[in-house]
Amino acid sequence: MSINDFKFIPVVVINDIADTEHILGELCKGGLPCAEITFRTACAADAIKLGKELYPDMCIGAGTIINLAQCKAALEAGAEFIVSPGLCEETAKYCVENNIPYFPGCVTPTEIMKAISLGITTVKFFPAGIYGGLKALKALAAPFPQIKFVPTGGVDMTNIEEFLAFDKIQAIGGSFIMKGNIAENTAMLMEKIK
């Protein structure tokens, strides 16, 4: 499976490598074999590597990538896609050249135009709630028909269906299903978006 097969990308923070098996296993149990493991913690690369060993069929990527060094470390660990909070040109060029899905954070027309010039066709819209939500996405999509969006931040169980109904949305990213019982939350989410 590739990242394009998923309507939802769980944003996963792993603070302790020992939690990797449980967290990723719960996502799989809930029917969503996909995770964006954030590079906010010291064990992120190790968690990606372990995750790919434990769940080889799971689509695991790296999030919060802010430079090319982190990107390369994530890919070396086994990441299959890269997500950034903003647009890193070096990372964009590297990923495009190596055919690796890269979703940079872009919330303005200028940022989207820069992404297009670098060969990017799907951008992260983050934080979606603060930057105008679905209304802003629809306005931005009009002049950029070639672009798809992955809104993150401000999307949850109450509005996810409304977001996914918009054909310019590739997927939704979020950490809200990671609170409480992950498998139950994931199963509930999958029922809602199928």
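How many salt bridges does the structure hold? The structure holds 6 salt bridges, a salt bridge being a side-chain nitrogen of Lys or Arg within 4 Å of a carboxyl oxygen of Asp or Glu. Before you start clicking, note that this is a predicted model, where local features need pLDDT of at least 70 and side-chain atom pairs count only at pLDDT 80 or more, while totals for chains, interfaces and linings use all residues. Residues are numbered from 1 along each chain as its sequence is written, and side-chain values use heavy atoms, with hydrogens and water left out.

**Stop 1: salt bridges in helices**

Select Glu26 and Lys29. They form a salt bridge, with the closest N and O atoms 3.0 Å apart. Both sit in helix α1 (residues 20–29), 3 residues apart, about one turn of the helix. Helices here are DSSP runs of H or I with at least four residues, strands are runs of E with at least two, and numbering goes from the N terminus. Is Glu26 buried or exposed? Glu26 counts as buried at 11% relative accessibility, whereas Lys29 counts as exposed at 63%. (Buried means under 20% relative accessible area, exposed over 50%, and partly exposed in between, using a 1.4 Å probe and protein chains only.)

Next, pick Glu53 and Lys49, whose side chains meet in a salt bridge at 3.0 Å, N to O. These two are 4 residues apart in helix α2 (residues 44–54), so about one helical turn separates them. Glu53 counts as exposed, at 52% relative accessibility, and Lys49 as partly exposed, at 44%.

Now try Lys114 and Glu89, a salt bridge with its closest N and O atoms 3.6 Å apart. This pair links distant parts of the chain: Lys114 is in helix α5 (residues 109–117) and Glu89 in helix α4, 25 residues apart. Both ends count as partly exposed, Lys114 at 33% relative accessibility and Glu89 at 35%.

**Stop 2: aromatic pairs**

How many aromatic pairs does the structure hold? There are 3. Rings of Phe, Tyr and Trp (its six-membered ring) pair if their centres lie within 6.5 Å; planes under 30 degrees apart count as stacked, over 60 as edge-to-face, and the rest as tilted.

Select Phe81 and Phe103: this pair is tilted, at 6.4 Å centre to centre and 45 degrees between the planes. Phe81 lies in the loop between α3 (68–77) and β4 (82–83), and Phe103 in strand β5 (residues 102–103), so the pair ties together parts that are 22 residues apart in sequence. Phe81 is buried, with a relative accessible area of 0%, and Phe103 is buried too, at 5%.

Then jump to Phe125 and Phe149, an edge-to-face pair at 6.4 Å centre to centre, with 90 degrees between the planes. Here too, distant parts of the chain are linked: Phe125 is in strand β6 (residues 122–125) and Phe149 in strand β7 (residues 148–151), 24 residues apart. Both Phe125 and Phe149 are buried.

**Stop 3: around β6**

Stay with β6 and show its side chains. Which way do they point? Thr122 and Lys124 point one way, Val123 and Phe125 the other, and all are buried. In a regular strand the side chains alternate between the two faces of the sheet.

Lys124 stands opposite Val150 in β7. Follow the chain from β6 through α6 to β7, and you trace a right-handed β-α-β crossover; with the strands pointing away from the viewer, the path from the first strand over the helix to the second runs clockwise.

Lys124 also lies over the face of Phe126, at 4.6 Å from the ring centre. Elsewhere, Lys138 lies over the face of Phe166, at 5.6 Å from the ring centre. (A charge sits over a ring if NZ of Lys or CZ of Arg is within 6 Å of the ring centre and within 35 degrees of the ring normal.)

**Stop 4: backbone details**

Step from Phe126 to Pro127, where the peptide bond is cis, with omega near -10 degrees. Pro127 lies in the loop between β6 and α6 (133–141).

Finally, select Thr64 and Asn99. Phi of Thr64 is near 55 degrees, a positive value in a residue other than glycine; Thr64 lies in the loop between β3 (59–63) and α3. Asn99 has a positive phi of about 55 degrees although it is not a glycine. Look for Asn99 in the loop between α4 (89–97) and β5, where it counts as exposed at 71% relative accessibility.

Notes: Two strands pair if DSSP finds at least two bridges between them.
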